[in-house]
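Colleague: I've got a new model open and I'd like to learn how to read it. Could you walk me through a few features?

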Amino acid sequence: MMSSFQAKLESNTFVITAEVSPPKGIDCSDFLSISRSLAAMVDAINVTDNQGANMRISPLAAAALLVREGIEPIYQVTCRDRNRLALQSDLLGAAALGVTNILALTGDFISFGDHPQGKPVFDLDSVQLLNVIAGLNNGKDMNGHQLTGSTTFFCGAAASPDAEPLELTLIKIEKKAAAGAGFLQTQAIFDIPRLGRFREAVSHLPVKVIAGILVLKSAGMARYINKNIPGLTIPDHIIDELADAADPAAKGLEIACRFAKEAAPLCNGIHIMAMGREELIPQIIAALKP
């Protein structure tokens with residue numbers, strides 16, 4: 001059965017997704033409360049998978065809790081922490097629990113997180129994971145063995161419109177699309193012309209583009225991201241805006257609203273990453289209205 005999120009994208013409806021991190025512990029009350037407060041405003045909620053290599057409750061459990069609440073999740077699955085058996089097992093479990101949207105990710109290096117002594121797996125990468133999911137959708141495991149019932153996952157992948165050279169990025173995106181990615185959720189957008197260039201470059205592919213909008217809190221946060229988060233760069237002029245602001249947190253919201261409005265005409269939706277300030281998401285959504 002096609003998810004509501006997939007149906008909207010395939011009918012060219014502009015979508016809004018938001019990221020909510022599962023808790024570091026078993027108390028999911030805040031996670032569920034935030035998700036409930038956003039449910040009427042967004043089309044799906046991304047459930048992150050040990051985001052930034054920081055250990056949290058299983059995203060499979062968190063996504064299943066959202067399904068139970070009648071909220072549509074996008075279950076993020078990284079290849080960093082599980083081998084091919086565990087990935088397939090978790091995906092089958094997700095399907096059995098009613099999860100249908102998957103964001104397939106390779107995953108950040110484990111050295112960036114709170115368990116740097118851990119051993120990363122990376123048995124597969126995101127393209128291979130997408131191929132595995134396509135196999136599960138066809139009723140077969142990775143070795144071609146028949147499953148008792150097939151999945152109906154709608155898969156997406158990550159993209160970095162700012163990455164250079166664009167030609168190399170495009171090769172990877174084409175592989176993801178060929179492996180079954182139906183949508184791309186991008187890294188945070190801080191350069192609208194580059195988003196336009198990327199959108200044009202992937203226009204021949206059967207993928208929808210959802211632009212990432214990051215809510216910054218301070219110049220220090222932006223500098224930390226530049227130093228520690230691979231694939232994401234906050235431009236100096238944005239850091240200067242934050243540093244010069246009397247209220248940097250308010251300026252961060254203003255910047256997020258500005259980029260959401262400017263990105264919207266160039267893509268099929270926006271993906272809001274509020275980084276613990278989810279109460280601001282309604283203001284960003286409101287900024288999209290004419």
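Modeller: Let's start with burial: a residue is buried under 20% relative accessible area, exposed over 50% and partly exposed in between, using a 1.4 Å probe and protein chains only. Cys 155 counts as buried because its relative accessibility is 5%. Keep in mind that this is a predicted model, where local features need pLDDT of at least 70 and side-chain atom pairs count only at pLDDT 80 or more, while totals for chains, interfaces and linings use all residues. Residues are numbered from 1 along each chain as its sequence is written, and side-chain values use heavy atoms, leaving out hydrogens and water.

Colleague: How many disulfides does the structure hold?

Modeller: A disulfide is a pair of cysteine sulfur atoms within 2.5 Å. Here there are zero. For Cys 155, the closest cysteine sulfur belongs to Cys 79 and is 12 Å away, too far for a bond. Cys 79 is buried too, with a relative accessible area of 0%.

Colleague: Now the helices. How do I describe two that pack?

Modeller: You give the angle between their axes and the distance between the axes. Axes are lines fitted to C-alpha atoms, for helices over the stretch in contact, and angles run from 0 to 180 degrees between N-to-C directions. The helices (H or I, at least four residues) and strands (E, at least two) are DSSP runs, numbered from the N terminus. Take H2 (residues 29–39) and H3 (residues 59–68): their axes come within 11 Å and cross at roughly 45°. That makes H2 oblique to H3; under 35 degrees would be roughly parallel, over 145 roughly antiparallel, 65 to 115 roughly perpendicular, and the rest is oblique.

Colleague: Is the crossing of H2 and H3 right-handed or left-handed?

Modeller: A crossing is left-handed if the near helix is turned anticlockwise from the far one by less than a right angle, and right-handed if clockwise. H2 passes H3 in a right-handed crossing.

Colleague: Which residues make that contact?

Modeller: Contact means heavy atoms within 4.5 Å. H2 brings Phe 31, Leu 32 and Ser 35, and H3 brings Ala 62, Leu 65 and Leu 66. By class, that contact has five nonpolar residues, one polar and no charged. Ala, Val, Leu, Ile, Met, Phe, Trp, Tyr, Cys and Pro count as nonpolar, Asp, Glu, Lys and Arg as charged, and the others, Gly among them, as polar.

Colleague: What about Pro 120: where is its place?

Modeller: Pro 120 sits in the loop between S4 and helix H5 (126–137). With a relative accessible area of 42%, Pro 120 is partly exposed. Its contacts, again leaving aside neighbours within four places in sequence, are Arg 80 and Ile 110.
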